[in-house]
Amino acid sequence: MDTVFIEDLRIETVIGIYDWERQIRQVVALDLEMAFDNRKPAASDKIVDTLDYKAVSKRLIAFVEAAHYELVETLAEECARIVRDEFGVAWLRLRVAKPGAVRGSKAVGVVIERGSKPA
């Protein structure tokens, strides 16, 4: 199975458990790998046959910008649900990072996989 990816999609949102975090917007960074058979779009050279990474990105940007979650785990689950349900993705790996959240680290976050990767 082929993979369509989006790397380091940075979006501002309200995220965090502390009162001060609920008052500000912070950046989260998303990395997605999505299973997709690219043979049909490769043969047709038509965007309608692809998993449109721009459309996925725009949808996630709109969702995350409007979100107000405490946990990156919850944000990750909801993003994965959107991609799978709205774009028909059978399998994805999603990394949601919160840069600078822990002093001394580049970022912290979660990596989740949902669905079954087709053969």
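This is a predicted model: local features need pLDDT of at least 70, side-chain atom pairs count only at pLDDT 80 or more; totals for chains, interfaces and linings use all residues.

Begin by selecting Pro99 and showing what surrounds it: leaving aside its neighbours within four places in sequence, Pro99 is in contact with Arg10, Val27, Val28, Ala29, Lys106 and Ala107, where contact means heavy atoms within 4.5 Å. Pro99 belongs to strand β4, and strands (E, at least two residues), like helices (H or I, at least four residues), are DSSP runs numbered from the N terminus. Pro99 counts as partly exposed because its relative accessibility is 28%; on this scale buried means under 20% relative accessible area, exposed over 50%, and partly exposed in between, with a 1.4 Å probe and protein chains only. Draw a distance from Pro99 to Val27, and you will find that their C-alpha atoms are 7.0 Å apart in space, although 72 residues separate them in sequence.

Residues are numbered from 1 along each chain as its sequence is written, and side-chain values use heavy atoms, with hydrogens and water left out.

Next, select all of β4, which covers residues 91–99, together with β5; these two strands pair in the antiparallel sense over nine bridges, and two strands are said to pair if DSSP finds at least two bridges between them. Within this pair, look at Ala97, whose bridge partner in β5 is Gly109.

What is the order of the five strands in the open sheet? The order is β3-β1-β2-β4-β5, and the pairing is mixed. The edge strands, each pairing on one side only, are β3 (68–69) and β5 (107–115). Strands of a sheet pair through backbone hydrogen bonds, either parallel or antiparallel. Both kinds can be found here: β1 and β2 are antiparallel and share nine bridges, with Val4 standing opposite Met34 in β2, while β1 and β3 run parallel and are joined by two bridges, one place to look being Val14, whose bridge partner in β3 is His68.

Then move to Leu30, which sits in strand β2. Is Leu30 buried or exposed? Leu30 counts as buried, because its relative accessibility is 0%. Leaving aside neighbours within four places in sequence, the residues in contact with Leu30 include Ile6, Leu9, Leu60, Cys79 and Val96.

Finally, show the whole chain, which has three helices and five strands. Traced from the N terminus on, its elements run β-β-α-α-β-α-β-β. The C-alpha atoms fill a box of roughly 50 × 25 × 20 Å, taken along the principal axes, and buried residues make up 34% of the 119 residues.
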